[in-house]
Amino acid sequence: MDSYESVLLVKNEVFVFKIPPRTSNRGYRAADWNLQEPQWTGRMRLVAKGDDLIMKLEDKTSGDLFAKCPIDKYPGIALEAVTDSSRYFVVRIQDDNGRSAYIGLGFGDRSDSFDLNVALQDHFKWLKKEQEGEQLQEQQLDLGFKDGETIKINMKITKKDGNEGSRPRRAGGATMTGLLPPPPGGSRLPPPPSPQHVPTPTVPAPNANSEWGDFNSASAQNQKPVTPANQQNWVQF
(Lines give C-alpha, C1' and ligand atoms only; values in the text may rest on other atoms or scores of the structure.)
Protein backbone atom coordinates (compact mmCIF):
# COMPACT_ATOMS: atom_id res chain seq x y z
CA MET A 1 0.00 0.00 0.00
CA ASP A 2 1.45 3.36 -1.12
CA SER A 3 1.74 6.19 1.40
CA TYR A 4 -0.46 9.18 0.81
CA GLU A 5 0.83 12.70 0.46
CA SER A 6 0.49 15.08 3.37
CA VAL A 7 0.76 18.81 2.74
CA LEU A 8 2.63 20.35 5.67
CA LEU A 9 2.81 23.97 4.50
CA VAL A 10 1.58 26.16 1.65
CA LYS A 11 2.84 29.67 0.83
CA ASN A 12 1.13 31.34 -2.12
CA GLU A 13 3.93 33.79 -2.91
CA VAL A 14 7.64 32.99 -3.00
CA PHE A 15 10.47 34.48 -5.04
CA VAL A 16 13.23 32.64 -6.89
CA PHE A 17 16.62 34.25 -7.57
CA LYS A 18 19.66 33.36 -9.58
CA ILE A 19 22.63 33.24 -7.24
CA PRO A 20 26.36 33.49 -7.95
CA PRO A 21 28.60 30.51 -7.21
CA ARG A 22 29.94 30.16 -3.70
CA THR A 23 33.45 31.54 -3.52
CA SER A 24 34.29 30.74 0.12
CA ASN A 25 33.10 28.71 3.09
CA ARG A 26 31.59 31.72 4.86
CA GLY A 27 28.06 30.99 3.56
CA TYR A 28 25.64 32.67 1.21
CA ARG A 29 24.54 36.32 1.51
CA ALA A 30 21.22 37.56 0.14
CA ALA A 31 22.77 41.00 -0.36
CA ASP A 32 24.81 39.52 -3.23
CA TRP A 33 21.63 38.67 -5.18
CA ASN A 34 19.58 41.00 -7.33
CA LEU A 35 16.63 41.09 -4.92
CA GLN A 36 14.73 43.72 -6.93
CA GLU A 37 14.45 41.40 -9.95
CA PRO A 38 13.42 37.84 -9.01
CA GLN A 39 13.68 35.23 -11.77
CA TRP A 40 10.37 33.59 -10.92
CA THR A 41 7.36 34.14 -8.62
CA GLY A 42 4.95 31.38 -7.65
CA ARG A 43 3.58 29.07 -4.95
CA MET A 44 5.50 26.84 -2.56
CA ARG A 45 4.11 23.57 -1.13
CA LEU A 46 5.89 21.40 1.44
CA VAL A 47 4.72 17.81 0.92
CA ALA A 48 5.51 14.66 2.97
CA LYS A 49 5.03 11.16 1.57
CA GLY A 50 6.10 8.44 3.98
CA ASP A 51 9.64 9.31 5.07
CA ASP A 52 10.24 11.57 2.04
CA LEU A 53 9.88 15.33 2.22
CA ILE A 54 9.75 17.48 -0.93
CA MET A 55 9.45 21.20 -1.44
CA LYS A 56 7.52 21.88 -4.65
CA LEU A 57 7.60 25.20 -6.47
CA GLU A 58 4.47 25.49 -8.63
CA ASP A 59 2.68 28.00 -10.77
CA LYS A 60 0.06 29.54 -8.53
CA THR A 61 -2.49 29.70 -11.34
CA SER A 62 -2.11 26.43 -13.24
CA GLY A 63 -0.31 24.37 -10.57
CA ASP A 64 2.41 23.32 -13.04
CA LEU A 65 5.65 22.22 -11.42
CA PHE A 66 8.50 24.67 -11.80
CA ALA A 67 11.09 22.88 -9.63
CA LYS A 68 11.29 20.46 -6.70
CA CYS A 69 13.69 20.11 -3.81
CA PRO A 70 13.95 16.78 -1.93
CA ILE A 71 14.91 17.48 1.69
CA ASP A 72 16.58 14.62 3.59
CA LYS A 73 17.44 16.63 6.73
CA TYR A 74 17.30 20.15 8.12
CA PRO A 75 19.55 22.05 8.45
CA GLY A 76 21.39 20.49 5.51
CA ILE A 77 22.72 21.12 2.04
CA ALA A 78 19.26 20.74 0.47
CA LEU A 79 17.96 23.86 2.25
CA GLU A 80 20.37 26.33 3.80
CA ALA A 81 19.64 29.72 5.39
CA VAL A 82 21.68 32.73 4.34
CA THR A 83 23.91 34.56 6.80
CA ASP A 84 22.45 38.07 6.49
CA SER A 85 18.67 37.60 6.50
CA SER A 86 15.98 35.30 7.92
CA ARG A 87 13.71 35.60 4.84
CA TYR A 88 16.02 33.98 2.28
CA PHE A 89 17.36 30.46 1.70
CA VAL A 90 19.54 28.60 -0.75
CA VAL A 91 17.66 25.64 -2.23
CA ARG A 92 19.10 22.65 -4.11
CA ILE A 93 16.61 21.67 -6.81
CA GLN A 94 16.73 18.36 -8.73
CA ASP A 95 15.13 17.04 -11.90
CA ASP A 96 13.97 13.51 -12.71
CA ASN A 97 17.39 12.63 -14.13
CA GLY A 98 19.16 13.45 -10.84
CA ARG A 99 20.75 16.69 -12.04
CA SER A 100 20.84 19.43 -9.40
CA ALA A 101 21.26 23.20 -9.25
CA TYR A 102 21.21 25.86 -6.54
CA ILE A 103 18.75 28.75 -6.52
CA GLY A 104 17.82 31.48 -4.07
CA LEU A 105 14.38 31.39 -2.42
CA GLY A 106 12.82 34.33 -0.57
CA PHE A 107 9.62 35.30 1.25
CA GLY A 108 7.98 38.70 1.42
CA ASP A 109 7.37 38.42 5.18
CA ARG A 110 9.46 37.01 8.06
CA SER A 111 6.46 35.10 9.41
CA ASP A 112 6.42 32.99 6.24
CA SER A 113 10.04 31.94 6.69
CA PHE A 114 9.35 31.25 10.38
CA ASP A 115 6.48 28.91 9.40
CA LEU A 116 8.82 27.05 7.07
CA ASN A 117 11.37 26.54 9.83
CA VAL A 118 8.72 25.20 12.24
CA ALA A 119 7.24 22.81 9.65
CA LEU A 120 10.67 21.38 8.80
CA GLN A 121 11.68 20.90 12.45
CA ASP A 122 8.37 19.22 13.36
CA HIS A 123 8.61 16.79 10.47
CA PHE A 124 12.10 15.59 11.28
CA LYS A 125 11.31 15.29 15.01
CA TRP A 126 8.35 13.07 14.12
CA LEU A 127 10.49 11.07 11.70
CA LYS A 128 13.15 10.48 14.37
CA LYS A 129 10.56 9.18 16.85
CA GLU A 130 9.15 6.82 14.22
CA GLN A 131 12.57 5.42 13.44
CA GLU A 132 13.41 4.95 17.14
CA GLY A 133 10.10 3.13 17.66
CA GLU A 134 10.80 0.74 14.78
CA GLN A 135 14.28 -0.02 16.13
CA LEU A 136 12.86 -0.72 19.58
CA GLN A 137 10.36 -3.20 18.17
CA GLU A 138 13.11 -5.03 16.29
CA GLN A 139 15.19 -5.32 19.47
CA GLN A 140 12.38 -6.79 21.56
CA LEU A 141 12.63 -10.52 22.31
CA ASP A 142 10.19 -12.93 20.69
CA LEU A 143 8.56 -14.62 23.68
CA GLY A 144 6.10 -16.71 21.68
CA PHE A 145 6.34 -20.52 21.64
CA LYS A 146 7.71 -22.08 18.51
CA ASP A 147 6.39 -25.32 16.99
CA GLY A 148 7.08 -28.23 19.34
CA GLU A 149 8.56 -26.02 22.07
CA THR A 150 7.49 -26.69 25.64
CA ILE A 151 8.22 -25.14 29.00
CA LYS A 152 8.56 -26.74 32.44
CA ILE A 153 7.59 -24.89 35.59
CA ASN A 154 8.32 -26.13 39.12
CA MET A 155 5.62 -24.98 41.49
CA LYS A 156 5.52 -25.52 45.27
CA ILE A 157 1.96 -25.28 46.57
CA THR A 158 1.40 -24.95 50.33
CA LYS A 159 -1.94 -25.02 52.14
CA LYS A 160 -3.04 -22.03 54.12
CA ASP A 161 -3.19 -22.03 57.91
CA GLY A 162 -6.56 -23.12 59.23
CA ASN A 163 -7.36 -25.29 56.22
CA GLU A 164 -9.10 -28.48 57.21
CA GLY A 165 -6.88 -30.51 54.91
CA SER A 166 -3.75 -29.44 56.86
CA ARG A 167 -4.98 -30.72 60.25
CA PRO A 168 -3.75 -34.14 61.46
CA ARG A 169 -6.39 -36.85 61.62
CA ARG A 170 -6.70 -39.95 63.79
CA ALA A 171 -7.90 -43.30 62.64
CA GLY A 172 -11.66 -43.39 62.29
CA GLY A 173 -11.94 -39.70 61.35
CA ALA A 174 -11.68 -38.22 64.89
CA THR A 175 -9.68 -35.04 65.23
CA MET A 176 -7.09 -34.29 67.89
CA THR A 177 -9.26 -31.60 69.44
CA GLY A 178 -12.16 -33.96 70.44
CA LEU A 179 -12.46 -36.51 73.27
CA LEU A 180 -10.73 -39.87 72.98
CA PRO A 181 -13.07 -42.64 71.80
CA PRO A 182 -13.74 -45.63 74.10
CA PRO A 183 -11.52 -48.72 73.66
CA PRO A 184 -12.63 -51.36 71.19
CA GLY A 185 -15.25 -53.81 72.40
CA GLY A 186 -16.87 -51.39 74.82
CA SER A 187 -14.97 -52.82 77.87
CA ARG A 188 -14.51 -50.61 80.92
CA LEU A 189 -11.76 -50.40 83.52
CA PRO A 190 -12.51 -52.17 86.84
CA PRO A 191 -13.61 -49.88 89.68
CA PRO A 192 -10.99 -48.95 92.29
CA PRO A 193 -10.97 -50.97 95.53
CA SER A 194 -13.01 -49.58 98.40
CA PRO A 195 -10.86 -47.91 101.08
CA GLN A 196 -10.36 -49.77 104.39
CA HIS A 197 -11.88 -48.32 107.55
CA VAL A 198 -9.38 -46.13 109.35
CA PRO A 199 -10.29 -45.19 112.98
CA THR A 200 -10.53 -41.53 113.63
CA PRO A 201 -8.00 -40.41 116.28
CA THR A 202 -9.43 -38.88 119.40
CA VAL A 203 -8.33 -35.46 120.41
CA PRO A 204 -8.16 -34.84 124.16
CA ALA A 205 -10.35 -32.08 125.45
CA PRO A 206 -8.64 -28.83 126.23
CA ASN A 207 -7.53 -28.13 129.74
CA ALA A 208 -10.13 -26.05 131.44
CA ASN A 209 -7.47 -24.42 133.62
CA SER A 210 -5.47 -23.12 130.59
CA GLU A 211 -6.67 -20.06 128.71
CA TRP A 212 -5.09 -21.22 125.39
CA GLY A 213 -5.77 -24.93 125.82
CA ASP A 214 -3.36 -27.84 125.70
CA PHE A 215 -0.88 -27.76 122.76
CA ASN A 216 -0.05 -31.47 122.97
CA SER A 217 0.83 -33.72 120.11
CA ALA A 218 -1.79 -36.07 118.75
CA SER A 219 0.51 -39.01 119.55
CA ALA A 220 -0.08 -40.42 123.02
CA GLN A 221 3.49 -41.74 123.30
CA ASN A 222 5.06 -38.30 123.02
CA GLN A 223 2.54 -36.58 125.24
CA LYS A 224 4.05 -35.09 128.42
CA PRO A 225 2.09 -33.75 131.34
CA VAL A 226 2.22 -30.10 131.98
CA THR A 227 4.10 -29.52 135.20
CA PRO A 228 5.00 -26.38 137.03
CA ALA A 229 8.58 -26.87 135.83
CA ASN A 230 7.45 -26.87 132.31
CA GLN A 231 5.32 -23.83 132.83
CA GLN A 232 8.34 -21.66 133.58
CA ASN A 233 8.85 -21.10 129.85
CA TRP A 234 5.34 -19.81 129.36
CA VAL A 235 4.39 -16.29 129.82
CA GLN A 236 1.56 -15.66 132.12
CA PHE A 237 -1.11 -13.36 130.75
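**Entry 1: R29 and D32**

I started at D32, which counts as partly exposed at 41% relative accessibility. This is a predicted model, and I read it as such. The side chain of D32 meets that of R29 in a salt bridge, 3.0 Å from N to O. I checked R29 next; at 29% relative accessibility, R29 counts as partly exposed too.

**Entry 2: E58 and its arginines**

I then looked up R43 and E58. Their side chains meet in a salt bridge at 2.6 Å, N to O. R43 sits in strand β2 and E58 in strand β3, so I noted a link between distant parts of the chain, 15 residues apart. Is E58 buried or exposed? E58 is buried, with a relative accessible area of 5%. E58 also forms a salt bridge with R45, where the closest N and O atoms are 2.9 Å apart. R45 lies in strand β2 and E58 in strand β3, so this pair ties together parts that are 13 residues apart in sequence.

**Entry 3: other salt bridges**

I counted salt bridges over the structure and got nine. I also found a network of salt bridges that links K11, D112 and D115.

**Entry 4: strand pairing**

I followed R45 across the sheet. V10 stands opposite R45 in β2. Strand β1 (residues 5-17) runs antiparallel to strand β2 (residues 40-49), and nine bridges join them. What else pairs with β1? Strand β7 (residues 100-106) does, in the antiparallel sense, over three bridges. In β7, G104 is the bridge partner of F17.

**Entry 5: nonpolar cores**

I turned to the largest nonpolar core, which has 27 residues. M44, L46, M55, L57, I71, L79 and L116 touch the most other members. The elements giving two or more residues to this core are β1, β2, β3 (52-58), β4 (65-70), β6 (88-94), β7 and α1. The largest share, five residues, comes from α1. I listed the contacts of L116, leaving out residues up to four places away in sequence: L9, M44, L46, M55, L79, F89 and F107. There is a second, separate core of eight residues, including Y28, A30, Y88 and V90.

**Entry 6: a surface patch**

Last, I looked at the surface. I151, I153, M155 and I157 make a nonpolar patch of about 530 Å². I157 is in the segment after α1 (110-139). I checked the exposure of I157: its relative accessible area is 75%, so I marked I157 as exposed.

Terms used
Residues numbered from 1 in each chain as written. Predicted model: local features only at pLDDT ≥ 70, side-chain atom pairs only at ≥ 80, totals over all residues. Heavy atoms only, no water. Pairing = 2+ DSSP bridges. Helix = DSSP H or I, 4+ residues; strand = E, 2+ residues; numbered from the N terminus. Patch = residues over 30% accessible without salt bridge, like charges linked within 9 Å, V, L, I, M, F, W, Y side chains within 5 Å. Areas by Shrake-Rupley, 256 points an atom, 1.4 Å probe, with all protein chains shown as cover. Salt bridge = Lys/Arg side-chain N within 4 Å of Asp/Glu carboxyl O. Buried < 20%, exposed > 50% of the residue type's maximum accessible area, 1.4 Å probe, protein only. Core = buried A, V, L, I, M, F, W, Y, C linked by side-chain atoms within 4.5 Å. Contact = heavy atoms within 4.5 Å.
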